[in-house]
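Please look over the sequence and the model shown here. A short report follows.

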Amino acid sequence: MTDHNHHHEEAITLRCNRCGKPISPSEAILTPTGYRCSDCVRQQQKVFDTSQPLDYILGFIIALVLSLLGSWLTSLIGFFTVLLAPAAGVGIAEAVRLVTKRRRSKRLFRLVARGIILGGVPISVFMLINLFFSLRMAAFNPFSLLRLGYQILYLILAVPSANYRLSGNQRL
Ligand SMILES: [Zn+2]
């Protein structure tokens, strides 16, 4: 773009990998694709924030419903949650991307994460009540603790994998 830094070129080793402008190490911003200047990062942020109001509602509801389904499946498959949960996260992200036509914004990612967590609440609460009663009746069943653990594991794995799929470095 501008080449007012041109005469510094030899002293500067970093270049913005988008516009090619030399940047001093203190100004360089590390992005998933390499170092960029602040102008390019700002410009790209604008391109990335493309969500429309309806996207937030749809994204949240899709995440909520699919996560409830994932949470229910978790209650059935137990240990295999370690495989299901990351796949569920990716599936939720893909469904959101499809419905929102790949429009994106940080706010959408946050809402999707909240939808996934909220979707996991009903069955987690059910498992917690189960555990509580098994303790109260002095008939503690270790499986009731394990089942609650799987629900938590589901959320721990599904939320970051959905977030990564949504916000990761993708071509627009
Ligand atoms: Zn640049």
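Are Cys-16 and Cys-40 buried or exposed? Both Cys-16 and Cys-40 are buried. Buried means under 20% relative accessible area, exposed over 50%, and partly exposed in between (1.4 Å probe, protein chains only).

## Basis of the model

This is a predicted model, in which local features need pLDDT of at least 70 and side-chain atom pairs count only at pLDDT 80 or more, while totals for chains, interfaces and linings use all residues. Residues are numbered from 1 along each chain as its sequence is written, and side-chain values use heavy atoms, with hydrogens and water left out.

## Overall build

The protein holds 5 helices and 2 strands. Their order from the N terminus is β-β-α-α-α-α-α. Helices (H or I, at least four residues) and strands (E, at least two) are DSSP runs, numbered from the N terminus.

Of the 172 residues in the protein, 37% are buried. Among contacts with a separation of 6 or more, 66% join residues 24 or more positions apart. Contact means heavy atoms within 4.5 Å. The accessible surface is about 10700 Å², and carbon and sulfur atoms account for 67% of that surface. Areas come from the Shrake-Rupley method with a 1.4 Å probe; for residues, only the protein chains shown count as cover.

## Zinc site

Cys-16, Cys-19, Cys-37 and Cys-40 each give an SG donor to the zinc ion, at 2.3 Å. Donors are N, O and S atoms within 2.8 Å of the metal (3.2 Å for Na, K and Ca); water is not among the atoms, so sites may look incomplete. The donor spacing in sequence is C-x2-C-x17-C-x2-C. Cys-16 sits in the segment before β1 (29–31) and Cys-40 in helix α1 (residues 38–48), so the pair ties together parts 24 residues apart in sequence.

The arrangement is tetrahedral because the 4 donor atoms subtend angles of 103 to 117° around the zinc ion. Four donors count as tetrahedral if all angles lie between 85 and 135 degrees. The ideal angle for four tetrahedral donors is 109.5 degrees.

## Asp-55

Asp-55 belongs to helix α2 (residues 53–77). Asp-55 is buried, at 2% relative accessible area. Beyond its neighbours within four places in sequence, Asp-55 contacts Thr-50, Thr-100, Arg-103 and Leu-108.

## Met-137

Met-137 lies in the loop between α4 (106–136) and α5 (142–167). Met-137 is exposed, with a relative accessible area of 59%.

How values were computed: Four donors count as tetrahedral if all angles lie between 85 and 135 degrees; four count as square planar and six as octahedral if opposite donors are over 155 degrees apart and all others between 65 and 115; anything else is irregular.
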